[in-house]
Amino acid sequence: MPYTTNDIRRVEEKWQKYWAVNKTFQARELPGKEKYYVLEMFPYPSGKIHMGHVRNYTICDVIARYKSQRGFNVLHPMGYDAFGQPAENAAIKRNTSPAEWTYKCIADMRAGLRQMGFSYDWDRELATCDESYYKWNQWLFIQMYEKGLAYKKGSAVNWCPSCATTLANEEVINGACWRCKSEVVQKDLEQWYLKITQYSESLLADLQKLPNWPARVIAMQENWIGKSYGADIFFKVKGREDTITVFTTRPDTIFGATYVTLAPEHPLALKLSRGTGQEAAVKVFIEKAANTSKSLRMSGDQRKDGVFTGAWAINPVNGREVPVWIGDYVLMGYGTGAIMAVPTHDQRDFEFAREHGLPMVVVIEDAARPGVAPEQMTKAHEDGGVLVNSQQFNGQPNEEAKKNIALWMENNGLGRVAVHWRLRDWLISRQRYWGAPIPMIYCGSCGIVPVPVAQLPVKLPPDAPITGEGGSPLAKVQAFVEVKCPKCGQAARRETDTMATFFDSSWYFLRYCDPHNDQVIFDPAKAAYWMPVDQYVGGIEHAILHLLYSRFFTKFIRDLGLTAVDEPFDRLLTQGMVLKDGEVMSKSRGNVVDPDEVIAKFGADTLRLFILFAAPPEDQLEWNPAGLEGNWRFINRVWNAVETRYVRMPSQTNAAGQALPGAVMDAEDKKLELERNAAIKKVTESMEGGFKFNTAISAVMVLMNAIDKYHAVPGDAGMRAVCLNRAIETVVLLLAPFIPHVAEELWEMMGKVQPGTANPSIAFEPWPVFDEKALVTDTVKIAAQVNGKVRGEFEVPRDADEALLRPLVLADEGVLRHVAGKEIKKFIVIKNKLVSIVV
């Protein structure tokens, strides 16, 4: 009988209930047993799961189930990244509280995850908005504050007017808020920062410890951390006491510096314009730049704008007077906030110079255009060459001159060899309600004072007015704000900013090791057993932010003595997007496919199989309803094979066993046994070699084809039944990680599992082992060549020698036609592959 819609409902509900009641996937520390910690990036609970969730979490679930069958002690937890601005927006729209909305969404998401049959240890479930979780956020913040890693400073920050909150640089994409896509502006605020830059060196160096991460993610991290070697060069301002220090990675081009450009935020920007007649223009320009996001200013498509300060500086290497400009493409966040401009050898400087009529000097000769004049150039020459117009360094290759000029300047007090980093300290203050309160108190006498640890958590007041207007809602709750100073007992006030949600997600993987501990952040012994995460799965969009912050937190927590690992995630897999009609599924495009509708018709296992078979996990997946039909039919074939062809025998060996004593296999038996072992080998290699799920499933399909062609009489208890049973068992075992509901049901139908036994679920049945001997056939196919051209193919006994092959090959008409009447000079046998005849 076919596997029907009624079977889907019955089977999936049956086994989901069984797993829940029996806590089948509950993880425990088992000293002496090798662990495997598999984790997907936990979701923001926005409601029902979507196809992106389905793909991400199905990938992880297959890995977890496969590793369980391989004998590992698996930890596979789930939780929710539950704080954030969207919950506040939803609360305003629906006239409810962020907490009520969030916990409803969590319930909806939990139901969807259970419906997919994911093998989570639900006892470890957590949500970052739970007081029991964010209490430890606050504890971590206090530890950072006491060690000088958390500090407050005033600065111009990225501000989203729509979300009414600050954004880290990484959260501004093409000048817009990553969340709501509104244009971002600059605003001066007192904010809390984490000194991630203290870990710059180890964050960069330890990337070498991650050989199992995608190369492009490593490159993105390296670029963001941005270690640059070069020189700080001192430009004295003409007629003033001021000196402008510029950082450059190209000291080889210093003799071509024809102007200096300051960032609009540079402390000298306005000062240098005073008394020059340019002050008014400079003020206007600085104000304009303040209302433009940093990412937009850095955009390659953006026109490079600037203003002359009216001041001049002295190029220290040749005494040339150069104008000091302010440019919107220069940022205070990198280097010193001032650059020396060499327009002939830097494209941005070239564009700026052409825009504003500034001079140019060639100092590195382009070998393809020797002697070219600046006015003949259509773009900057940014490649290498030999130095010209550079005094005593003329003729030197520019790479050699970089070091020589930097050392010469340092020895003569004109500059110094320097290293700069692109990475900046992490802004974590947010002016919103739905986040972890920052546990600090402001006292008129004692200054900034941490909340005593014994008083944690600092709880969110449930009655805060959430209107969507600027400023933190917490500041409007008098009972929250007014507090006694923990040191002196005088009236004080609480911090009303909350933490960026990336703080919450930067250590959750450690909390999973001990999620319900209310005495300490986690038991170091439990973390020592489970960490690091062996396999982490998530989107490439988190390659910089989340992964970098998680690495930083892990190193800080290590330095607290709570873990010994340097890196949180050993292996990283970045899954591709789910597309429909060539575009990413989204509600705004109207191309969303609801998982519930697919499950109702085909079942969760069919959806899982389609998601895994349609494309490698790293690639984009194009939605194809026909693919669902095909996978549904395949599951039916497996179901029918068990129901109609499997023979239950008390003496039957399982798929990992040997043939019955004294039994002899004929040629057809051996062929099926070869296909069975080939499938085990291919699936195992596909899983171990980078989780190539599509090729693994394909190998099982090949085995099913062999089973369908295999002739066994129904009810036969002999060798035919043994071989057929073993092949069917192997199919079910190999598919168990992919289609767990059906696999559990079929395993039970075959009498292979009894509740209450050592293996109460197929999830813990040993993975099949292939026999290399079974992959060796008695005969092989070889080709016969005459003077290098194939003239025939033959099936011959394995390891046949020339004595057997010569008369066989030479008697073949196709070969004989090309050797008849000719002298055979050579008859070469390449065993089991080829016969080569030379005439």
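Let's start with helix H19, residues 625-645: at 1.5 Å a residue, its 21 residues should span 30 Å, and the C-alpha atoms at its ends are 30 Å apart, so the two values agree. Keep in mind that this is a predicted model.

Which residues of H19 are buried? They are Gly627, Leu628, Asn631, Trp632, Phe634, Ile635, Asn636, Val638, Trp639, Ala641 and Val642. The cover over these buried residues includes the helices in this table:

| Helix covering H19 | Residues |
|---|---|
| H1 | 5-22 |
| H17 | 595-602 |
| H18 | 604-613 |
| H21 | 693-709 |
| H22 | 719-735 |
| H23 | 740-749 |

Next stop: Arg551, which sits in helix H16 (residues 545-559). Is Arg551 buried or exposed? Its relative accessibility is 0%, so Arg551 counts as buried. Its side chain makes a polar contact with the side chain of Gln221 at 2.9 Å. Leaving out residues up to four places away in sequence, Arg551 also touches others, including Asp206, Trp213, Glu567 and Pro568.

Searching the whole structure turns up two cavities of 30 Å³ or more. The second largest cavity holds about 40 Å³ of space. Among the residues lining this second largest cavity are Ile782, Val796, Asn832 and Lys833. By type, that lining splits into seven nonpolar residues, one polar and two charged.

Conventions: Residues numbered from 1 in each chain as written. Predicted model: local features only at pLDDT ≥ 70, side-chain atom pairs only at ≥ 80, totals over all residues. Heavy atoms only, no water. 1 Å grid on protein atoms, 1.4 Å probe; cavity = no way out; pocket = protein on both sides within 12 Å on 5 of 7 lines; lining within 4 Å. Points joined across faces, edges and corners; volume = space filled by probe spheres on them. Nonpolar A, V, L, I, M, F, W, Y, C, P; charged D, E, K, R; others polar. Helix = DSSP H or I, 4+ residues; strand = E, 2+ residues; numbered from the N terminus. Expected span 1.5 Å × (residues − 1). Buried < 20%, exposed > 50% of the residue type's maximum accessible area, 1.4 Å probe, protein only. Contact = heavy atoms within 4.5 Å. Polar contact = N/O pair within 3.5 Å; in protein donor to acceptor, adjacent residues only side chain to side chain.
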